[in-house]
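Please open the model in your viewer and keep the selection panel at hand. The tour below goes from helix packing to individual side chains.

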Amino acid sequence: MDINRLVELLRGLPFHQAVWLFPLATALHFLEEAPHFADWASKYALHDYTHQRWRRIHGLGMVFAIAFCALASIFPNRYVVFLFFALCLSESVLNSLFHVGATAFSGVYCPVSSRLWSCIPHCFGTSANLLIERAC
């Protein structure tokens, strides 16, 4: 996939549309994490962590992502956009740090950390720049 072509395609989106890429990326991350993370967490981190708990936490995360995207799309002012970046996109970076840190701490690969790190410079940086251009 040519990242430059994708960036040019996304550059044409107005902010109220571009912001909806965040829940899409979040859902893709959750789908990638779903099959193995709860097993890893129950073995290496929290022994009573279950798939049900994972589904509940990540279900609320999807609701949170969609709600903030709706707010940022409907009310694209500086305050709402700042909250969107502060609470949503920064959480994505912290989540990747969690996965990498958990891998380092446990000595056992924590699912999805390598893919998160490989796409953060492109996805987070590019989408943050695009969203800032459109919002401000």
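At what angle do α3 and helix α6 (residues 78-106) pack, and how far apart are their axes? Select both helices: they pack at an angle of about 25°, with axes 12 Å apart, where axes are lines fitted to C-alpha atoms, for helices over the stretch in contact, and angles run from 0 to 180 degrees between N-to-C directions. α3 is therefore roughly parallel to α6, given that angles under 35 degrees count as roughly parallel, over 145 as roughly antiparallel, 65 to 115 as roughly perpendicular and the rest as oblique. Helices here are DSSP runs (H or I, at least four residues), numbered from the N terminus.

A note on the source: this is a predicted model, in which local features need pLDDT of at least 70 and side-chain atom pairs count only at pLDDT 80 or more, while totals for chains, interfaces and linings use all residues. Residues are numbered from 1 along each chain as its sequence is written, and side-chain values use heavy atoms, with hydrogens and water left out.

Next, show the side chains that join this pair, with contact meaning heavy atoms within 4.5 Å. From α3 they are F22, H29 and E33, and from α6 they are F84, C88, L89, S92, N95 and H99. By class, this contact has four nonpolar, four polar and one charged residues (Ala, Val, Leu, Ile, Met, Phe, Trp, Tyr, Cys and Pro count as nonpolar, Asp, Glu, Lys and Arg as charged, and the others, Gly among them, as polar).

Then select C69 and C88 together. C69 counts as buried at 0% relative accessibility, and C88 does so at 1%; buried means under 20% relative accessible area, exposed over 50%, and partly exposed in between (1.4 Å probe, protein chains only).

Finally, move to S73, also placed in helix α5. S73 is buried, with a relative accessible area of 15%, and, not counting residues up to four places away in sequence, S73 touches H16, V19 and W20.

Key. Helix = DSSP H or I, 4+ residues; strand = E, 2+ residues; numbered from the N terminus.
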